[in-house]
Amino acid sequence: MTTDALAARAFLRMPDSTSLPHPNTLGLVLAGGLARRMGGGDKALIAIGGVAILERVLERVRPACSGMILNANGDPARFARYDLPVIPDSVPDFAGPLAGILAGLDWAAANAPDIVWVVSTPGDCPFLPHDLVMRLHEVRQNAGAPLACARSGDWRHPVVGLWPVALREDLRHALIQEGLRKIEVWTARHGVAIAEWPAKPVDPFFNVNTPDDAATAERLARLSP
């Protein structure tokens, strides 16, 4: 077994499957974007209520997952304090969130063959619901669909989704051979179930794209600490 594989095995918690109400799932935080509207940098490292958004994401998602990985491009050392595998896109030219999802599926296939599900979340959502993973699995199972994503109020959030590792080659073909970039075009081909959350008093999928969003998130943090 390679050094990378040993490190991955040590990293994964792999809880007893009976301890969770859903199959073992790998958590994938997507932080590979360019953050142009923030003037560059890493949105995941912005502090909201004194806590980095990435820390908030991990606190909400990690308890329901067998392990967490981070999709980010550039020097991974800037995330070293989080002690996560940092996985860059395998598709060049910042091909969008589908490229990050593919990178996560590939990592799971290579390093965690017992895991067949990956849940993705953006790295800029400080108020994610604690029941995210459970609800996504629940709606997927009830609908008999291979995919699931979140919705709050009138807005669907395709980046917040549940992905089977088994579809990674289909996704690779769509990205590389077809040049596909829109998540909902690809998910519509396979079938996607929708898990719904209320958007008030705080939208759990509010994301920080601009400095004004960061200021709004500071205010919302008082309602959803």
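In the predicted model, helix 4, which spans residues 132-143, has Leu132, Val133, Arg135, Leu136, His137, Val139 and Arg140 as its buried residues. These buried residues pack against strand 1 (25-30), helix 2 (53-61), strand 6, strand 7, strand 8 and strand 9. An α-helix has 3.6 residues a turn, so residues three or four places apart point the same way. The 12 residues of helix 4 reach 17 Å from the first C-alpha to the last, which is close to the 16 Å expected at 1.5 Å a residue. Just after helix 4, Gly144 adopts a positive phi of about 65 degrees.

The protein chain as a whole contains seven helices and nine strands, and 52% of its 225 residues count as buried. Among the contacts in the chain with a separation of 6 or more, 71% are accounted for by residues 24 or more positions apart.

Seven strands form an open sheet with mixed pairing, in the order 5-4-1-6-8-7-9. Strand 5 (86-87) and strand 9 (192-197) stand at its edges, and because each has a single partner strand, one side of each is left without a neighbour in the sheet. Strands of a sheet pair through backbone hydrogen bonds, either parallel or antiparallel. The antiparallel sense is found between strand 6 (residues 117-122) and strand 8 (residues 155-164), which pair over four bridges, and here Val118 has Trp163 in strand 8 as its bridge partner. Helix 6 (residues 183-190) packs on the sheet, where it touches strand 7 (147-152), strand 8 and strand 9, and its direction makes about 55 degrees with that of strand 8.

Strand 7 and strand 8 are likewise paired in the antiparallel sense, over five bridges, with Ala150 standing opposite His157 in strand 8. The two strands form a hairpin with two residues between them, and in the turn Gly153 has a positive phi of about 60 degrees.

Two packed helices are described by the angle between their axes and the distance between the axes. For helix 3 (residues 97-111) and helix 5 (residues 168-176), the angle is about 145 degrees and the axes lie 10 Å apart, while the crossing of helix 3 past helix 5 is left-handed. The contact brings Leu98, Ala99, Ile101, Leu102, Leu105, Asp106 and Ala109 of helix 3 against Arg168, Leu171, Arg172 and Leu175 of helix 5. Sorted by class, this contact comprises eight nonpolar residues, three charged residues and no polar ones.

Two backbone features in loops remain to be described. Most residues other than glycine have a negative phi, and most peptide bonds are trans. Asp83, however, has a phi near 55 degrees, a positive value in a residue other than glycine. Asp83 is located in the loop between strand 4 (67-71) and strand 5, and it counts as exposed because its relative accessibility is 64%, exposed residues being those over 50%. Pro201 belongs to the loop that runs between strand 9 and helix 7 (211-220).

Terms used: Residues numbered from 1 in each chain as written. Predicted model: local features only at pLDDT ≥ 70, side-chain atom pairs only at ≥ 80, totals over all residues. Heavy atoms only, no water. Pairing = 2+ DSSP bridges. Contact = heavy atoms within 4.5 Å. Axes fitted to C-alpha atoms, helices over the stretch in contact; angles between N-to-C directions. Expected span 1.5 Å × (residues − 1). Buried < 20%, exposed > 50% of the residue type's maximum accessible area, 1.4 Å probe, protein only. Left-handed = near helix turned anticlockwise from the far one by under 90°. Nonpolar A, V, L, I, M, F, W, Y, C, P; charged D, E, K, R; others polar.
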